Amino acid sequence: MTNLLQLQELLNIPKDITITSHRNPDGDAIGSSLALYHFLIKNGHHVKVIFPSEYPAFVAWMPGADKILIHDIEPDDCEAALKNSDFIFCLDYNSLSRVDKMGDYIESLEEKELVMIDHHLYPDIQSDYIYTKPEASSTCEMIYDFIHMLGKPLDIDIDIAEAILTGILTDTGSFKYNTTSHLFKVVAGLIEIGADDYKVQDLIFNSMNEKQLRLLGHCLTNRMEIIDEYKTGIIALTRKDYEFYDIQRGDTEGIVNFLLKMKHIKTAAFITEQPTVVKLSLRSKGDISVQEIATKHFKGGGHKNASGGYSFSGLRATVKKFKEILPEFKEMLTSE
Ligand code: 5GP
Ligand code: MN
């Protein structure tokens with residue numbers, strides 16, 4: 001991490017700190033934010049957590065979740081917190097464009113000290129304090145290491161450990177991808193502290209309601225298209241689907257991964273018609289880089305095997321475009 005010693009010294013004195021994470025916060029965004037929140041509070045700081053948009057229901061059980069401010073709902077309180085803070089932590093994102101209006105506001109605060117902790121490729125935030133590690137499974141894994149780097153491992157209590165475990169479990173798909181020996185050592189450390197992995201998994205993964213499960217059935221039965229030639233699966237959801245199933249944020253979490261359950265499918269696209277944009281969620285197996293596809297054609301990015309992007313050209317046109325660009329990546333898509 002850049003300027004760690006300087007940051008360590010500055011954090012010895014109580015500060016006003018705002019922790020931010022990305023739009024549509026996932027388990028890693030909220031886990032890393034709340035883990036750092038509890039740690040900084042323990043160290044005497046005044047801390048607020050703010051997200052651009054609401055978090056999904058499956059993380060609402062986490063201690064501290066009820067105190068999170070949402071910029072879409074309370075922009076003035078969020079901007080006041082940002083304005084009054086000595087440090088703004090940017091967790092689980094590496095470009096201010098990922099936090100929309102909140103990013104514009106942060107950018108307008110010229111004197112602000114930003115601390116970026118993130119595991120995505122190609123960081124694009126100007127800051128004196130940057131900890132970036134694309135090979136890390138999750139930002140949560142990095143928060144565990146960050147607390148150790150500050151020399152405070154004993155501050156990690158059960159709440160912090162379970163918040164960290166949440167992001168690790170969601171970003172690795174329960175240890176299916178991005179695992180390293182270091183990650184398993186981190187997890188061993190969390191379990192030794194007392195984190196209850198069974199409880200956390202149950203809270204996160206067995207929290208669907210009937211509507212969500214029926215929506216999954218609808219996606220697989222009526223909205224799935226398989227393109228054998230490119231070993232690719234697509235699920236596209238219309239605005240009408242959103243209305244009929246009353247789809248809320250988080251309801252579609254994880255649906256894209258079902259496409260990869262087919263042995264011969266190596267690339268998956270979940271394409272949804274949102275109020276103002278069409279959003280793409282891309283996943284792949286092995287050496288196929290959906291990050292390349294998202295960056296080149298859909299103004300997006302992310303990781304090699306999990307990326308996203310968006311388009312303003314409508315659902316049908318976006319699905320059509322996605323299919324039309326597949327030949328360009330034929331070698332990569334069919335190599336496995
Ligand atoms: P998801 O499909 O779960 O929304 O996102 C998967 C990954 O792709 C995440 O790591 C996220 O950071 C990245 N991602 C999703 N949407 C976008 C986007 O619009 N722009 C960029 N740069 N990355 C995205
Ligand atoms: Mn992450």
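This is a predicted model: local features need pLDDT of at least 70, side-chain atom pairs count only at pLDDT 80 or more; totals for chains, interfaces and linings use all residues.
Local features require pLDDT of at least 70 and side-chain atom pairs pLDDT 80 or more, while totals for chains, interfaces and linings use all residues. Residues are numbered from 1 along each chain, chains are lettered from A and ligands numbered from 1 in the order written, and side-chain values use heavy atoms, without hydrogens and water.

An open sheet of 6 strands shows parallel pairing in the order β3-β2-β1-β4-β5-β6. Strands (E, at least two residues) and helices (H or I, at least four) are DSSP runs numbered from the N terminus, and two strands pair if DSSP finds at least two bridges between them. Because β3 (69-70) and β6 (129-132) each have a single partner strand, one side of each edge strand lacks a neighbour in the sheet. Between β2 (residues 46-51) and β3 there are 2 bridges, and Phe 51 stands opposite Ile 70 in β3.

Helix α2 (residues 27-42) lies across β1 (16-21), β2 and β4 (87-91), at about 170° to β2. Such angles run from 0 to 180 degrees between N-to-C directions, with axes fitted to C-alpha atoms, for helices over the stretch in contact (heavy atoms within 4.5 Å).

The manganese ion (ligand 2) is coordinated at 2.2 to 2.4 Å by Asp 28 (OD), Asp 92 (OD), His 119 (NE2) and Asp 171 (OD). Asp 28 belongs to helix α2 and His 119 to the loop between β5 and β6, so this pair ties together parts 91 residues apart in sequence. Donors are N, O and S atoms within 2.8 Å of the metal (3.2 Å for Na, K and Ca); water is not among the atoms, so sites may look incomplete. Asp 28 is buried at 0% relative accessibility, and His 119 is also buried, at 2%; buried means under 20% relative accessible area, exposed over 50% and partly exposed in between, with a 1.4 Å probe and protein chains only.
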